[in-house]
Amino acid sequence: ASIDPIAVRAEADYARLIRRGHCLVAHVGETMAGFLAAEPFSRELHIWEMDVDPRFQRRGIGAGLVRAAMIDARNSGFRALTLTTFRDLAWNGPFYARLGFEEVTALDAHPRL
């Protein structure tokens, strides 16, 4: 069972994702500054959520988490790293494009997305 991308996740949802082995955290000193929660889907690793504490934003932490997920996906044999995001947030598209993501326009070929 997958997690609804719009629903608020419960602690149990995150625990399940962590057990799958593809979640990451970033610390600044002793403080958790951000996290990325991902889940395997067949031959793809899907990022469900990536958040950086506002106190630590604009320091490259989010980009570092995504790059670490790319390395994890490649080292684990996944053929792609996927995500869905909101178009109405001005920074989303350019942020993910800089990291090498491409928008999927042929959604019929990618029904999961």
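How many helices and how many strands does the protein chain have? The protein chain has three helices and four strands, where helices (H or I, at least four residues) and strands (E, at least two) are DSSP runs numbered from the N terminus. The model is predicted, so that local features need pLDDT of at least 70 and side-chain atom pairs count only at pLDDT 80 or more, while totals for chains, interfaces and linings use all residues. Residues are numbered from 1 along each chain as its sequence is written, and side-chain values use heavy atoms, with hydrogens and water left out.

**View 1. The protein chain as a whole.** Read along the sequence, its elements follow the pattern α-β-β-β-α-β-α. The C-alpha trace spans about 45 × 30 × 30 Å along its principal axes. The radius of gyration, taken over C-alpha atoms, is compared with a globule rule of 2.2 Å times the number of residues to the power 0.38; for 113 residues a compact globule would come near 13 Å, and the 14 Å of the protein chain agrees with this. Of the 113 residues, 35% count as buried, a term that means under 20% relative accessible area, with exposed meaning over 50% and partly exposed in between (1.4 Å probe, protein chains only).

**View 2. Strand β3 and its two partners.** Eight of the nine residues of strand β3 (residues 44-52) are buried, and the strand is therefore largely enclosed by the rest of the structure. Strand β2 (residues 31-41) runs antiparallel to β3 and is joined to it by eight bridges, two strands being counted as paired if DSSP finds at least two bridges between them. With strand β4 (residues 80-83), β3 pairs in the parallel sense over four bridges. The chain passes from β3 through helix α2 (residues 61-75) to β4 in a right-handed β-α-β crossover, which means that, with the strands pointing away from the viewer, the path from the first strand over the helix to the second runs clockwise. H46 of β3 is the bridge partner of E39, and T82 in β4 is the bridge partner of H46.

View 3. S42 sits in the loop between β2 and β3, a hairpin with two residues between the strands, and has a positive phi of about 55° although it is not a glycine. Its relative accessibility is 72%, so S42 counts as exposed. R58, in the loop between β3 and α2, is likewise a residue other than glycine with a positive phi, near 65°; at 85% relative accessibility, R58 counts as exposed.

**View 4. The largest pocket and its lining.** About 700 Å³ of space lies in this pocket. Of the 26 residues that line it, the closest to its centre are L83, T85, E102, E103 and V104. The elements that give two or more residues to the lining are β4 and α3 (92-98), and α3 gives the most, with five residues. On a 1 Å grid over the protein atoms alone, a pocket is an open set of points where a 1.4 Å probe fits, with protein on both sides within 12 Å along at least five of seven lines, and lining residues have an atom within 4 Å of a point.

**View 5. L107 in the segment after α3.** L107 lies in this segment and, at 46% relative accessibility, counts as partly exposed. The C-alpha atoms of L107 and A80 are separated by 16 Å, the two residues being 27 residues apart along the chain.

Conventions: Grid points are joined across faces, edges and corners, and a volume is the space filled by probe spheres set on the points.
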